[in-house]
Amino acid sequence: MGITQNIGQSGEEAAAQFLLDNGFELKHRNWRSGHHEIDIIATRNNILHIIEVKCRKINGLTTPEDAMTPRKFKFLCSAARNYISEYNLNMDVQFDLLAVEYISDRNYNIRYIPNVMVPHW
């Protein structure tokens with residue numbers, strides 16, 4: 001596994017722990033719908049959170065927030081619709097971003113950005 005994959009994988013672990021520490025209940029990680037994937041699906045206060053995790057090295061060329069593009073959001077919406085249908089859910093849905101910046105081994109800056117994009121479905 002390459003360095004970038006290791007950073008991504010350990011960053012996702014840090015993101016999941018951040019959510020648990022902040023009162024979220026994790027439902028699924030890396031849930032797939034066809035070619036699309038939702039990094040983390042969680043609930044808190046009867047809201048379904050579709051969470052994209054973006055990891056980057058600190059002081060890199062781009063921030064994790066830069067990676068949340070309209071195209072990526074379109075794919076997340078499609079996967080979220082499939083998830084909601086498959087599990088027959090009837091609850092509010094929110095799309096969030098966890099921006100994870102790798103500093104050093106097991107040391108991260110994590111920024112939680114709620115409602116990073118709002119679906120129009």
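Helices (H or I, at least four residues) and strands (E, at least two) are taken as DSSP runs and numbered from the N terminus. The structure is a predicted model, in which local features need pLDDT of at least 70 and side-chain atom pairs count only at pLDDT 80 or more, while totals for chains, interfaces and linings use all residues. Residues are numbered from 1 along each chain as its sequence is written, and side-chain values use heavy atoms, with hydrogens and water left out.

Five strands make up an open sheet of mixed pairing, in the order β1-β2-β3-β4-β5; two strands pair if DSSP finds at least two bridges between them. At the edges are β1 (25-33) and β5 (107-113), each of which pairs on one side only. From one strand to the next the twist averages 30 degrees. Strand β4 (residues 92-104) runs antiparallel to β5, and seven bridges join the two. Tyr102 has Tyr108 in β5 as its bridge partner.

Helix α2 (residues 70-86) lies across β1, β2 (36-44), β3 (47-57) and β4, at about 60 degrees to β2. Such angles run from 0 to 180 degrees between N-to-C directions, with axes fitted as lines to C-alpha atoms, for helices over the stretch in contact; contact means heavy atoms within 4.5 Å.

A nonpolar core is a set of buried Ala, Val, Leu, Ile, Met, Phe, Trp, Tyr and Cys residues joined through side-chain atoms within 4.5 Å, where buried means under 20% relative accessible area, exposed over 50% and partly exposed in between (1.4 Å probe, protein chains only). The largest such core has 16 residues, and Ile38, Ile41, Ile50 and Phe95 have the most contacts inside it. At least two residues come from each of β2, β3, α2 and β4, with α2 giving the largest share, seven residues. Beyond its neighbours within four places in sequence, Ile50 contacts residues including Ile38, Leu76, Ala80 and Phe95. A second, separate core of 13 residues includes Ala14, Ala15, Leu19 and Val100.

Aromatic rings of Phe, Tyr and Trp (its six-membered ring) pair if their centres lie within 6.5 Å; planes under 30 degrees apart count as stacked, over 60 as edge-to-face and the rest as tilted. Six aromatic pairs are counted by this rule. The ring centres of Phe24 and Tyr112 are 5.8 Å apart and the planes stand at 70 degrees, so this pair is edge-to-face. Phe24, at 4% relative accessibility, counts as buried, whereas Tyr112, at 22%, counts as partly exposed. Phe73 and Phe95 also form an edge-to-face pair, with 5.0 Å centre to centre and 75 degrees between the planes.
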